[in-house]
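Q: Hey, can you walk me through this structure? I'd like to start with how its charged side chains pair up.

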Amino acid sequence: MVMRRLLFLHGTTARSGGLRVFASTRVPAPEPRRDSRGNSGGGGSSSSNAYRVSLDTVSTDTPHFTFYDKSVEAFASKASTPVTVKEAYEWKAEDVLKNAQWLQRELPIRMAKTVRNFQNLPYIVGENPHINKVYTTFLDALQSLGSFPPITTLEHEKRFTQLLRKHFEEAQSTIELLGWGIKEVRELPLSVGIDYEYLDSFINDFLAERLSRRILAEQHIALHEPRKHWNGIFHSKCKPHRIVKQTLEEARELCEEQYGLAPPYIIDGDTEVEFAYVPSHLQYILLELLKNSARATMDRHMGLKQTGASSTPESSKPKAEAAPAPRSSYQKPEKPGAVSAAGRKFQKPSTAAAASGEGSHRQRQANR
């Protein structure tokens with residue numbers, strides 16, 4: 001018999017020479033090989049409950065996590081440590097070794113909880129190729145972080161930081177992939193019986209967990225690149241007035257691309273206030289709020305213009321005068337020096353897109 005029985009269950013994967021198969025047969029894993037220092041090598045899984053693919057013609061000794069591997073649950077069952085934004089801001093460059101040691105304990109726990117949530121998805125959802133790709137990305141990251149040797153020196157910290165950087169670069173497309181996957185799942189027939197409330201809860205948890213991990217990891221990485229008025233990813237003199245102005249121009253241009261014009265705006269309040277914050281996060285939040293406001297304004301007034309109705313209540317109209325015409329929001333405003341937003345869509349963001357701001361903000365920062 002060339003191949004043992006295979007049960008195709010999403011996530012229970014092993015890789016061998018590029019072949020992706022799903023094992024249903026439990027095979028005793030070989031004892032791990034150890035080097036002269038007593039460290040285990042790649043000879044097998046360290047878990048007694050590990051599964052590996054056994055074929056008459058193909059086999060693999062590469063350790064891997066599966067649905068039946070208790071390694072994921074061993075991490076996920078631990079409680080994560082809450083960290084406030086203020087506490088993350090107070091991390092210092094001279095404490096990178098201590099921070100790395102804490103992250104080595106904390107990140108696998110947080111990542112394992114995300115992996116477990118993927119494993120708890122309905123079968124037909126988890127089998128979506130886009131969602132399965134995101135799942136595999138986090139599973140691989142959990143394996144690499146969970147197996148990293150103890151950090152005791154600055155050289156260890158440097159290699160750990162490089163691993164973090166590599167993982168978060170590889171995870172840049174996860175939001176886009178998850179968005180495509182959820183879109184395809186929502187197009188499935190109702191007879192499939194997917195619990196969309198549970199799916200929405202999964203997405204919200206995924207985005208919140210992803211954001212918390214990225215703040216912690218990116219803060220640690222950024223501490224290696226000191227800049228004036230910056231402490232990691234936090235700007236100590238963040239000026240919301242400047243960010244609001246930049247974001248308004250971007251929202252206005254997106255509105256003009258969709259409607260051909262955009263409503264005017266007025267900035268009111270203390271324009272000199274400043275505080276410590278992550279500018280890219282504030283910019284993304286403001287952009288979503290302003291896009292929603294501009295769209296709602298345009299939909300209301302464009303609809304009134306097309307129907308010939310007025311936004312003024314009948315009881316408050318002057319008896320001898322006609323209803324007032326729409327205000328200057330119908331006149332295309334000047335936009336000197338506006339930044340091009342070609343290729344971007346002015347539309348209601350999906351839930352899965354709510355955390356996709358990191359990549360766009362990083363690109364904007366690189367262009368400055």
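This is a predicted model: local features need pLDDT of at least 70, side-chain atom pairs count only at pLDDT 80 or more; totals for chains, interfaces and linings use all residues.

Q: Got it. So is Glu90 buried, partly exposed or exposed?
A: Glu90 has 40% relative accessibility, so it counts as partly exposed.

Q: And which residue does Glu90 form a salt bridge with?
A: That's Lys86, and the closest N and O atoms of the two are 2.5 Å apart. Lys86 is exposed, at 57% relative accessible area.

Q: Why would side chains like that pair at all?
A: In general, opposite charges on side chains can pair when the charged atoms come close.

Q: How many salt bridges are there in the whole structure?
A: A search of the whole structure turns up 11. One of them is between Lys166 and Glu170, with 2.7 Å between the closest N and O atoms.

Q: Where do Lys166 and Glu170 sit, and how are they separated?
A: Both are in helix H6, which covers residues 154-170. They're four residues apart there, so about one helical turn separates them. Lys166 is partly exposed at 45% relative accessible area, and Glu170 is partly exposed too, at 46%.

Q: What about Arg186, what does its side chain meet?
A: Arg186 meets Asp200 in a salt bridge, 2.4 Å from N to O. This pair links distant parts of the chain: Arg186 is in helix H7 (residues 174-186) and Asp200 is in helix H8 (residues 196-222), 14 residues apart.

Q: How accessible is each one?
A: Arg186 is partly exposed, with a relative accessible area of 39%. Asp200 is partly exposed as well, at 29%.

Q: Switching topic: which residues make the nonpolar surface patch?
A: Tyr123, Ile124 and Val192 make it, and the patch is about 250 Å². Val192 lies in the loop between H7 and H8 and is partly exposed, with 33% relative accessible area.

Q: How many bridges join E4 to E5?
A: Two bridges join them, with E4 covering residues 234-238.

Q: And which residue in E5 does His235 stand opposite?
A: His235 stands opposite Tyr277.

Key. Residues are numbered from 1 along each chain as its sequence is written. Side-chain values use heavy atoms; hydrogens and water are left out. A salt bridge is a side-chain nitrogen of Lys or Arg within 4 Å of a carboxyl oxygen of Asp or Glu. Buried means under 20% relative accessible area, exposed over 50%, partly exposed in between (1.4 Å probe, protein chains only). Patches are made of residues with over 30% relative accessible area and no salt bridge: like charges are joined within 9 Å, nonpolar side chains (Val, Leu, Ile, Met, Phe, Trp, Tyr) within 5 Å. Accessible areas come from the Shrake-Rupley method with a 1.4 Å probe; for residues, only the protein chains shown count as cover. Two strands pair if DSSP finds at least two bridges between them.
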